[in-house]
Structures are given as structure tokens and as C-alpha cells.
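Biologist: Got the model open. Can we go through a few spots in it?
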2 protein chains.
Amino acid sequence: MQAFERLCRERGVSLTIQRRNVLEALLDGKAHPTADELFADVENRIPGISRTTVYRVLDTLVELGVIGKVYQPGEAAFFDVNTHAHHHAACVLCNKIVDLEGALPNAPIPPDLKPHGFEITESHVFFRGICRDCRKKKPRPRGTAGTGSRCSRTKPSRPKNKSSSKKRTRP
Amino acid sequence: MQAFERLCRERGVSLTIQRRNVLEALLDGKAHPTADELFADVENRIPGISRTTVYRVLDTLVELGVIGKVYQPGEAAFFDVNTHAHHHAACVLCNKIVDLEGALPNAPIPPDLKPHGFEITESHVFFRGICRDCRKKKPRPRGTAGTGSRCSRTKPSRPKNKSSSKKRTRP
DNA sequence: CGCCAAATGCAATCGTGTGTCATTTGTGAA
DNA sequence: TTCACAAATGACACACGATTGCATTTGGCG
């Protein structure tokens, strides 16, 4: 965190409360939050903060190299304070993300291989599957919409249109 | 193509002109088209076809195992008639996609590795970098928005709202 | 303090799809 | 060949993640 403040000064990046709080939320919140999860968290710290700002702050943090951004196949990207190279796997049932720290037997990334004269600069490796918990608890649910038990994720979705009857059209 | 017709009959899937044409577009169009690029292509073959249909047909073809769907990190997914296992790399400058057919020295996918009791069912491996052409022609463009030369991609985007001066508010 | 580029807030918009439902069409049986 | 019906399609709205344009605020500096 002081490292972050130092880095900002070095790079001439303003130290705003928004940036501080987003980083704090990343540091003491859940492990692999999406932008929206972070937004929800940061809202508690800075009540009026804008979603856009959270997205932009996250971009900035990624650019600074403070955090990593991980793209999931169909889903929202998530962020990771662990910036050293590792891969992830997501559970298709509960969406939990697990780190694959050095758990891969053979190096998945050929870093400077140049097939077809192609110079690779980024590698994205991502797995999906079923986590241990879900494998244990759901032998074959079948039809029943698996009510109880954790392994849930609800999407509150965003405030919507809210259509405030304010014509608000810009000339 | 006859193989496709056979497969459809086997699986009880109707042989519609839409499906035929989407597959044809895939077979003789560009190598790694996105859904929208295919839609644009198929529109020339079946003028009134719906975007929704193209998306659904593509899903169907993937389910039939006729084509593969590849998720790019931040971008739109693309489709691939080459269904045998291989990976891809996208050029960050021109967006061209190249196949990495067996070019990887060490197996990138640990198919049934169970780290943390996790059972992996899907693997996504994707690279980004700079293709040979772009490496040759852009030593350091600097400011100039690299005008000529192939290595371009324009996004016509979809027909838009077309909003006929309607106030655009939902009741 | 006061300045000003940088950062933020806000609403609109975009891109990539998915859901709903009425209509059309392939397909197998008569 | 015609018929009936499930399957597929078309039209359109909506979902969701994310971005953009522009006015306003603010951090950092002299």
C-alpha cells in the first residue's frame, strides 16, 4: 500500500481517495472479484462513487502493474492482487475461482516461441470444471433446482434504467 | 458438407437453408470469423436472415461438433471449422488470428489434472502478440496512425437503433 | 491560496449476446 | 402429394459488461 503510494508519485499518478479505496477493497476483500463486485464493496467505503470510476481505477491499477486482470471465457473479467504468473480455474457450478499456483505439471506458456514468425506477448490460460465442494455435494441433482447449500451466486444486476422521468436529453 | 447433412439426419436436426448457408459461409469465408462477421457474410446469401438465427445456428453447429467456438480474452468469440485440438494467437495490431497447430513444444493442457480436487472439463488457451507482417512493417510508427497497408479491421457494427426520432424512453 | 491538468460523476451508448413469442418451415406419415 | 406438428426462424426487447463524451471536482504544485 505504501508501495502503491510510492509508485503513484513516481509515475505522476494522482493519489485519489477512490484509488486508495479500490485498492483497499482489493486487498482485504474476496480473492478474485469482478469489477462489479468491487464496485459494490467500494460503495460501502465511498457511498457516492461511480461505477465508471471503479472501472477506470481498475484499468489504472492494471497499467501500474499493481493488479492483474483475468478474462474469463463468457463471463466478466476479474482482478487479482497476486500478480505473479499463475493460472485459474472456475467452477461451472458455483463460480468459485481457484488459483493454480505452479500446480501444472508441464509449462503451459511458451513465452518467446515464434511460430509463424509470431512474437507472443501475452498468454491466457483458463480452465473450467467442478470444484471439490460441488463434486461432493451434487451427485446428480436432476430437475430440482438445488435449493440450499452454499455454492450460490446471485446477481443483483445494476440499478437499471430507473427512468427518473427526467427528460435529461442533451441538446 | 454431405457429412453435415448426414449428421443432421442422424441427430434429427432439420436441414434448413439457414444452416446450410451458415456452414457454407464458414467453409469458404475467412478463416476465423466472429458471429457478426458471419452474419454479414450470410446476409449476402440469404438477404433477410436474422442475427439471432445466425447466433443460434452457430450454437447448433458447435453442439453437433461441426465447428469449434473459441473465446478470445477481451474480444468476441470466433468460430473455427478446424475442430481438431489446436490453439490460437491473435495479433494485437491487426487482429489476425493464426493457428498454432502442434507448434507448442510442451503440452499446454493438463486434461485431467485435479489440483485442489478440481475436475477440469474445459481448457482455454490463447495467445496474443505481434504477427510477422506487423513486426516487419511497423518498426516504430509513433504518432502516425499507420495509414496504408493491409492489417486493418473495420467494424461496421450493427444497424444501430435507427431511432426514428422517437423520444427513446421506455414507458 | 489559486491554478490546472488529471480524475471523477453521470448518462448515454456500445458490443456481444440471450429470451420471448408469433410465424414459418422441414419432415415424416397418411 | 398433402397434412400436421414440432422445430426453427424472425423480430425485437432486454441483459450485462464495459466504454465514451462532457461537465464538474479535486489532487498536487507553485
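Predicted model: local features only at pLDDT ≥ 70, side-chain atom pairs only at ≥ 80, totals over all residues.

Biologist: Where does A:His124 lie?

Modeller: A:His124 is part of strand β5 of chain A, residues 119-130.

Biologist: And is A:His124 buried or exposed?

Modeller: Buried: the relative accessible area of A:His124 is 18%, and the cut-off for buried is under 20%.

Biologist: Which residues does A:His124 touch, not counting residues up to four places away in sequence?

Modeller: From chain A, A:Tyr71. From chain B, A:His124 touches B:Pro73, B:His124, B:Val125, B:Phe126 and B:Arg128.

Biologist: OK, new topic. How do β3 and β4 of chain B run, and how many bridges join them?

Modeller: They run antiparallel, and four bridges join β3(B), residues 87-91, to β4(B), residues 97-100.

Biologist: Which residue in β4(B) stands opposite B:Ala89?

Modeller: That is B:Val98.

Biologist: How many residues are between the strands of that hairpin?

Modeller: The hairpin of β3(B) and β4(B) has five residues between its strands. B:Asn95 lies in that loop, and its phi is positive, about 65°, although B:Asn95 is not a glycine.

Biologist: What is phi of A:Asn95?

Modeller: Phi of A:Asn95 is near 65°, again a positive value in a residue other than glycine. A:Asn95 lies in the loop between β3 and β4 of chain A.

Biologist: How do they count for accessibility, starting with A:Asn95?

Modeller: A:Asn95 counts as partly exposed, at 22% relative accessibility. B:Asn95 is partly exposed too, with a relative accessible area of 25%. Buried would need a value under 20%, so neither residue counts as buried.

Biologist: Switching to helices. At what angle do α2 and α3 of chain B pack?

Modeller: Helix α2(B), residues 17-28, and helix α3(B), residues 35-45, pack at about 115°, with their axes 9 Å apart.

Biologist: Is the crossing left-handed or right-handed?

Modeller: The crossing of α2(B) and α3(B) is right-handed.

Biologist: Which residues meet there?

Modeller: On the α2(B) side, B:Asn21, B:Val22, B:Glu24, B:Ala25, B:Leu26 and B:Asp28. They meet B:Leu38, B:Asp41, B:Val42 and B:Arg45 in α3(B).

Biologist: And by class, how many are nonpolar, polar or charged?

Modeller: The contact of α2(B) with α3(B) has five nonpolar residues, four charged and one polar.

How values were computed
Residues numbered from 1 in each chain as written. Chains lettered and ligands numbered in written order. Heavy atoms only, no water. Axes fitted to C-alpha atoms, helices over the stretch in contact; angles between N-to-C directions. Helix = DSSP H or I, 4+ residues; strand = E, 2+ residues; numbered from the N terminus. Left-handed = near helix turned anticlockwise from the far one by under 90°. Contact = heavy atoms within 4.5 Å. Nonpolar A, V, L, I, M, F, W, Y, C, P; charged D, E, K, R; others polar. Buried < 20%, exposed > 50% of the residue type's maximum accessible area, 1.4 Å probe, protein only. Pairing = 2+ DSSP bridges.
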